[in-house]
Amino acid sequence: MASRTRASASPLFVPRKSDRRTARAARHQFAAARDQARHAARPEARPTAPGLDAELRATYPASGRPGPASARGGRLKLPAHRMTTATASGAYPFLAEGGLGAQGIYIGRDVHAEAAFTYDPFALYGRLDGFTNPNILLAGIIGMGKSALAKSLAVRAVAFGYRIYVPCDPKGEWTVVAQELGGQTIALGPGLPGRLNPLDAPARPYGVSEEDWTGEVRKRRLLLLGSLAKTVLGRELHPMEHTALDVALDQVVAYAEANGTTPLLGEVAYVLGSPDRLDAALGELSGRLGHAAEDLAHALRRLVHGDLAGMFDAPSTVAFDPSAPMLSIDLSRLGGAGDDTALVLAMTCASAWMESALADPAGGRRWVIYDEAWRVMRHVALLERMQSQWKLSRGLGIANLMVIHRLSDLLDAGDAGSRGRALAEGLLTDCSTRIIYRQEADQLTSAASLLGLTGVETQAVSALTKGRGLWKVAGRSFITQHLLHPRERELFDTDARMSPVLDRPHRS
């Protein structure tokens, strides 16, 4: 009996008369057994990596908490919650702008979204809320890549079936682009063979009656003559001066139609300088109209006998090809002495000559690019012609692109409240797309005021790197990195003269 009891007795049993060492050992064994029983019900934990604290081991396995408390099986339901997009942007601050869609001309990379950025004003019109017109403003300091962007847009737009017109190329940089695209370049300047007659009558569009078109052509010619006179005189025309232009033009057109020729600026200037012919046309103003037209005659004489002689006072030596992918007017021979008056007069005549294609509603969608537009901002007459084209852009299917250096160039058009300032700011208002490359620190205030930039956008503009710009399209903002093809980079290089010239072998 005693042997069976010893075989089944627990080692935790301590006889009453045991020594202290045995009692202490028994207590330690009891505590260990209690801890073992306490942790027996817990799930098996993953082994702790060497060097880690055992207290930091996971409570539950990687598969999650077992049992019905795991929230698996679709039994977890939360109430729906609605919020505005402004609140959602705060709740999810790491979401990026979705972009303008995949339809359009590839520009480069959206910096924030890390996605491709495409743009096409004709595709966005009618599809994007707030996009009311296809006109574009491009501003940036020298060397930031704005010219490369303008040329890249032109080259890539041709692939979409659009045609490109550059009515004023003051540096001659678009000539090589037009040649590569198979287009046409007309170089104007002293000693060059190119001639443009700005009084050429455009072809009558389909569906317009002969009588209506005759009145439209007369109105355009009068607008051109008035713009030229105001540019040279530097003021608005007086009422009798307008009458003198009407009478002189009608006499010249009547003579040209009778002889089967085209009216010329020199003939208009000759009639304005002939008081007898003007007075004979209006008997009730005899002796007064000829005197009132003296300043007009001298103003138009500059295009006949002055520094622009021969360029716009002869029949056109080139024909307008509306099917050409690109047409540029090279005016690099003009305006090099710091006086932009000749450049503005030439641009006015060239743009009037190009209206023969722009006025045709069946001419397709076209881009008209005004490079170095800051040079003509101080001339109200040309701003008026540009405003008219801006307003008619939707009906004519034209996307106007104006390239300037600084936003303050718009303020140089005149004093506050002047006609020139109002026209320049009106051009900005009629641009649903504003592309801003880096601006100098002293220009940030005016840029933010004119464009309504936020504090974050203003700070971003001051830190933009080369080829990177802030695109504001119908109130939406994007930071876009323009990407150039290697062939485009070679074609658009405007810093060739700044690069070191390699040693060339001498010819003996």
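## Briefing on a predicted model

Ile369 has Leu401 in S8 as its bridge partner, strands here being DSSP runs of E with at least two residues and helices DSSP runs of H or I with at least four, both numbered from the N terminus. The model is predicted, so that local features need pLDDT of at least 70 and side-chain atom pairs count only at pLDDT 80 or more, whereas totals for chains, interfaces and linings use all residues. Residues are numbered from 1 along each chain as its sequence is written, and side-chain values use heavy atoms, with hydrogens and water left out. The protein has 19 helices and 11 strands, and 44% of its 508 residues are buried, meaning under 20% relative accessible area, with exposed being over 50% and partly exposed in between (1.4 Å probe, protein chains only).

**The sheet**

- An open sheet with mixed pairing is formed by 11 strands in the order S2-S1-S11-S10-S9-S3-S8-S7-S4-S6-S5, where two strands pair if DSSP finds at least two bridges between them.
- Strand S2 (115–119) and strand S5 (184–187) each have a single partner strand and stand at the edges, so one side of each is without a neighbour in the sheet.
- Strand S7 (residues 366–370) and strand S8 (residues 398–404) run parallel and are joined by 5 bridges.

**Helix H7 against helix H12**

- The axes of helix H7 (residues 210–233) and helix H12 (residues 294–305) come within 9 Å and cross at roughly 95°, the axes being lines fitted to C-alpha atoms over the stretch in contact and the angles running from 0 to 180 degrees between N-to-C directions.
- H7 is therefore roughly perpendicular to H12, a class that covers 65 to 115 degrees, while under 35 counts as roughly parallel, over 145 as roughly antiparallel and the rest as oblique.
- The contact (heavy atoms within 4.5 Å) is made by Leu225, Leu228, Ala229, Val232 and Leu233 of H7 together with Asp295, Leu296, Ala299, Leu300 and Leu303 of H12.

**Surroundings of Ser332**

- Ser332 lies in the loop between strand S6 (326–330) and helix H13 (341–358), and its relative accessibility of 34% makes it partly exposed.
- Leaving aside residues up to four places away in sequence, Ser332 touches Asp169, Pro170, Lys171 and Gly172.
- The C-alpha atoms of Ser332 and Leu188 are separated by 8.1 Å, although these residues are 144 residues apart along the chain.
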